[in-house]
Amino acid sequence: MAFYYDNLKLDKGMYREAGRSFSQVLEREDPSERYKGTSLEGLDAFQRQLKRFNIKVKGEESDVVERFFQTSDAAVLFPEYIARTVRQGMEEGDILPHITAAVTKVEGMDYRSITSAAGGEEKELKTVAEGAEIPSTTIKVQANLVRLKKRGRMLVASYEAVRFQKLDLFSVTLRQIGAHIARTHLEDAVDVLINGDGNSNPAERTAVAAGKALDYNALVDFWAKFDPYVMNTLLVSGDVMLQLLKLPEFQNPLTGLNFQGTGKLTTPLGATLLRTSVLPEKTAVGLDKRFALEMVRSGDVMVEYDKLIDRQLERAAITTISGFAKVFPEASRVLEI
């Protein structure tokens with residue numbers, strides 16, 4: 001049985017369509033709906049092209065890099081393979097999804113977020129008399145733009161150096177690049193949570209009394225400050241994690257069983273506990289992940305496709321453009337130990 005994907009003409013111009021990624025262009029030309037009920041159901045358009053050229057990118061029987069360059073059509077797939085593998089590295093162990101309330105995709109480098117006051121009279125649902133004006137909640141545009149930053153790594157290798165390398169091994173390097181990019185994004189996110197996004201909205205800081213160690217009472221007092229929000233996520237530095245684990249409340253048998261069985265920690269206050277080395281020592285950031293932070297992205301992972309296709313690797317930049325904005329400033333707070 002012949003399928004359309006076998007005869008699809010590929011060219012590097014498919015990377016240049018404004019507002020569409022290479023994968024989206026492929027899906028438009030070769031929709032996955034056509035393959036329902038067939039052996040190819042479950043594969044996206046890019047994966048079908050890998051099957052078309054019999055390119056195996058993972059496992060013990062993975063092909064070598066040279067496999068992508070056996071035909072001009074197959075070479076067009078190489079930048080997308082790199083972009084997907086880098087994204088995989090970004091997603092592995094990434095804690096950004098656990099601290100962002102929304103992800104906004106924009107075109108260009110300029111973006112203004114919105115905000116609204118929380119609590120107080122603006123949020124109260126008061127009784128409205130017949131014919132009276134209904135109270136309103138004001139949503140405002142932030143005064144300053146969100147600062148989007150371009151992050152990336154340069155991939156440097158000659159075709160001759162990697163042509164016989166297994167794609168499975170080559171993917172390890174690409175995933176590492178993705179992990180480094182994800183860490184940098186997390187550094188940017190934590191900086192905005194603590195210091196604000198340039199709109200005079202740094203996090204309120206609470207300090208444990210001088211000379212005192214972190215204890216359960218200090219945690220409860222910190223938790224209580226979040227009303228009307230809920231502290232459902234707690235980011236901590238490595239030294240603070242050790243202090244928390246030594247608290248008697250963390251020695252509860254159920255907490256220990258959960259940690260031993262799943263490797264996941266839950267604080268006695270019901271918040272998800274996340275350790276990260278991007279935080280300064282003796283610092284914890286509590287937040288209501290539903291309302292605290294917005295991630296702004298301009299496009300997806302970008303790869304310089306011309307160099308990868310025409311020059312067979314050499315030097316190619318792998319970049320992302322993103323920034324962060326506070327949605328409700330009161331939804332995140334800093335605890336200094």
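The legends below describe close-up views of a predicted model.

**View A. Crossing of helices α1 and α2 in the predicted model.** Helix α1, which spans residues 22-29, and helix α2, which spans residues 45-52, have axes that come within 8 Å of each other and cross at roughly 80°. Because angles of 65 to 115 degrees count as roughly perpendicular, α1 and α2 are therefore described as roughly perpendicular to each other. On the α1 side the contact is made by Phe22, Ser23, Leu26 and Glu27, and on the α2 side by Ala45, Phe46, Arg48 and Gln49. Sorted by class, the residues in this contact of α1 with α2 are four nonpolar, two polar and two charged.

View B. When residues up to four places away in sequence are not counted, Ser23 touches Phe46, Glu80 and Arg84. Both Ser23 and Phe46 also belong to the set of residues that make the contact between α1 and α2.

**View C. The largest pocket and its lining.** About 720 Å³ of space lies in this pocket, and its lining consists of 24 residues, among which Arg20, Ser21, Gly299, Asp300 and Met302 lie nearest the centre. At least two lining residues are supplied by each of α1, α4 (78-91), β1 (102-106) and β10 (302-303), and the largest share, four residues, comes from α4. By class, the lining of the largest pocket divides into ten nonpolar, seven polar and seven charged residues.

**View D. The second largest pocket and its lining.** The space in the second largest pocket amounts to about 560 Å³, and the pocket is lined by 18 residues, of which Phe46, Gln47, Leu50, Val57 and Lys58 lie nearest its centre. The elements that give two or more residues to this lining are α2, α4 and α6 (167-195), with α4 providing the largest share, six residues. The lining of the second largest pocket comprises five nonpolar, five polar and eight charged residues. Phe46, one of the residues nearest the centre of this pocket, is also one of those through which α2 contacts α1, and Phe46 is touched by Ser23 as well.

Technical notes
Residues numbered from 1 in each chain as written. Predicted model: local features only at pLDDT ≥ 70, side-chain atom pairs only at ≥ 80, totals over all residues. Heavy atoms only, no water. Axes fitted to C-alpha atoms, helices over the stretch in contact; angles between N-to-C directions. Parallel < 35°, antiparallel > 145°, perpendicular 65-115°, else oblique. Contact = heavy atoms within 4.5 Å. Nonpolar A, V, L, I, M, F, W, Y, C, P; charged D, E, K, R; others polar. 1 Å grid on protein atoms, 1.4 Å probe; cavity = no way out; pocket = protein on both sides within 12 Å on 5 of 7 lines; lining within 4 Å. Points joined across faces, edges and corners; volume = space filled by probe spheres on them.
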